[in-house]
Amino acid sequence: MTAGATTRGARAFVAVGVGWFVCWNLAVLAGVSRPATVVLGLYGFVFSVIFGKAYALVPSYFDRQLAAPSAPLVHLPLAVLGVLGLVAARVHPTDPLGGAVETVGLTGSQWLAIGAVAWFTGVCVFVGTLAWTVRDNLSGAETGTAGPNRHREPVDRAANAVVPVVGLYLLWGSFVPVLDALTDVRGTISIPRVELGSLSVESTTLVLVPAGAAGSHVLAAGTATLLLFGIGFRLLPRFLVGTPRLALVVIALSAGAVAPALLVADFQGGAIFAVGATLLAVAIVAYGLTVVELVLASERDRVGHRAIAVGGAFGIVAVGIGWAMGLGHVDLGLADAHYRLAIGGFLGLTIVGVTYQFYPPAIGETVGVGNRSAGAGALALAAGFVVEAAGTWLTDADVERLGAVIVLIGSIGYAWILLSIFVERR
């Protein structure tokens, strides 16, 4: 197999992810329960695009070529089966999808086993392929940065350094559903009360095998967000022809690498959770400020740039809500708004903006494909997430539903543009 197989596999992953994006927003609008829709949004949409672009970009960032060009094509069906199985396992019997799942004749635990094992196997293909590719450059010291980009090498090295950490979080978060399906293991570590003079820290229990929302945060914060930092700090300065502040980059990467582990290990809201939540907030604020500053200073004006900037702003809002909920400052009823703004507003709009850089709408020849339609679609996504969050805040189901409708329209427009370009390039 040649590098062409990598390109085809990477593009197929992105195309599948775009399809999951529409399915996710349809499911939310239809009233499917949150555990199932989180799988569609995070595992389906976000990770499909992440896998595709990581196969294409990470090797070059480490100055290497992908060791197994066919890996994306092997991984893709496993990822799709994993999403289907995990969604079916988490659909509530009264959900709109509940009846369809029951007709297949498999129990929830069987669906969970199928989905978890398929997903984890695919992740092993992904992590194993990239690890073997960069095995002699794990620190990322060799960046492939040269010529006019030489001044960016400190940022590039710092960004590369977090990629192995991303792999560990991905393996950890992906193995949790396997343990849920096959065992009852719930590893914990008890930390006794500590007293240092007038300072005391209460005893607590740290969780090694997080469940539910805690498990999702391993993947959302530890993998997706941290890889977004790692890839974003390399891509965005080149897209925007700017130089980020090294201090903000280091803060985002270092805080982002440590925060998810602390956050998840003490997810019930103890002192360690507070430290993790605060570090994650610091990391995302540092990233958001960097992105907004780069976009505002850039002389280039692209539809994707605006989506990336708005995505960074959504990240700050989403992590602020999450921090306030975790520390008990606002009601937990905002959990839906937090998850939709984080996965859709922050990660989602960033993905939309970045993919428009790789697949510019302006080159499209299909009806309805162009910069104007792309801008309108991105605006619909941003406005829809704002309206939806406002509806959640006001506990107004009609406003929340209106926001979900607007988001769905925006996601369909995005899918039409991107898939049309893929067909044309084919």
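## A quick tour: surface patch, core and salt bridges

Leu81 counts as partly exposed, because its relative accessibility is 38%. Keep in mind that this is a predicted model. Leu81 sits in helix H3, which covers residues 71-90.

**On the surface**

**Inside the core**

- The largest nonpolar core is made up of 131 residues.
- Helix H2 (residues 34-61) is the top contributor to this core, giving 17 residues.
- Which residues have the most contacts inside the core? They are Leu42, Val46, Phe47, Trp119, Phe229, Phe233 and Tyr287.
- Take Tyr287 as an example: if you skip its neighbours within four places in sequence, Tyr287 touches Leu228, Phe229, Phe233, Leu236, Ala252, Gly312, Phe346 and Thr350.

- Side chains of opposite charge can pair when their charged atoms come close.
- The count of salt bridges here is 9.
- One of them joins Asp136 to Arg64, at 3.1 Å from N to O.
- This pair connects distant parts of the chain, 72 residues apart: Asp136 is in the loop between helix H5 (108-133) and helix H6 (153-161), while Arg64 is in the loop between H2 and H3.
- Is Arg64 buried or exposed? Arg64 is buried, because its relative accessible area is 19% and the cut-off for buried is under 20%.
- Asp136, on the other hand, counts as exposed, because its relative accessibility is 54%.
- Arg64 also has a salt bridge with Glu142, where the closest N and O atoms are 3.1 Å apart.
- Glu142 lies in the loop between H5 and H6 and Arg64 in the loop between H2 and H3, so their pairing ties together parts 78 residues apart in sequence.
- Glu142 is partly exposed, because its relative accessible area is 37%.

**A buried pair**

- Arg340 and Glu388 form a salt bridge through their side chains, at 3.0 Å from N to O.
- What does this pair link? It links distant parts of the chain, 48 residues apart: Arg340 in helix H12 (residues 335-358) and Glu388 in helix H13 (residues 371-393).
- Arg340 is buried, because its relative accessible area is 4%, and Glu388 counts as buried too, because its relative accessibility is 5%.

**Back to the network**

- Through salt bridges that share partners, Arg64, Asp136 and Glu142 are joined into one network.

Conventions: Residues numbered from 1 in each chain as written. Predicted model: local features only at pLDDT ≥ 70, side-chain atom pairs only at ≥ 80, totals over all residues. Heavy atoms only, no water. Helix = DSSP H or I, 4+ residues; strand = E, 2+ residues; numbered from the N terminus. Buried < 20%, exposed > 50% of the residue type's maximum accessible area, 1.4 Å probe, protein only. Core = buried A, V, L, I, M, F, W, Y, C linked by side-chain atoms within 4.5 Å. Contact = heavy atoms within 4.5 Å. Salt bridge = Lys/Arg side-chain N within 4 Å of Asp/Glu carboxyl O.
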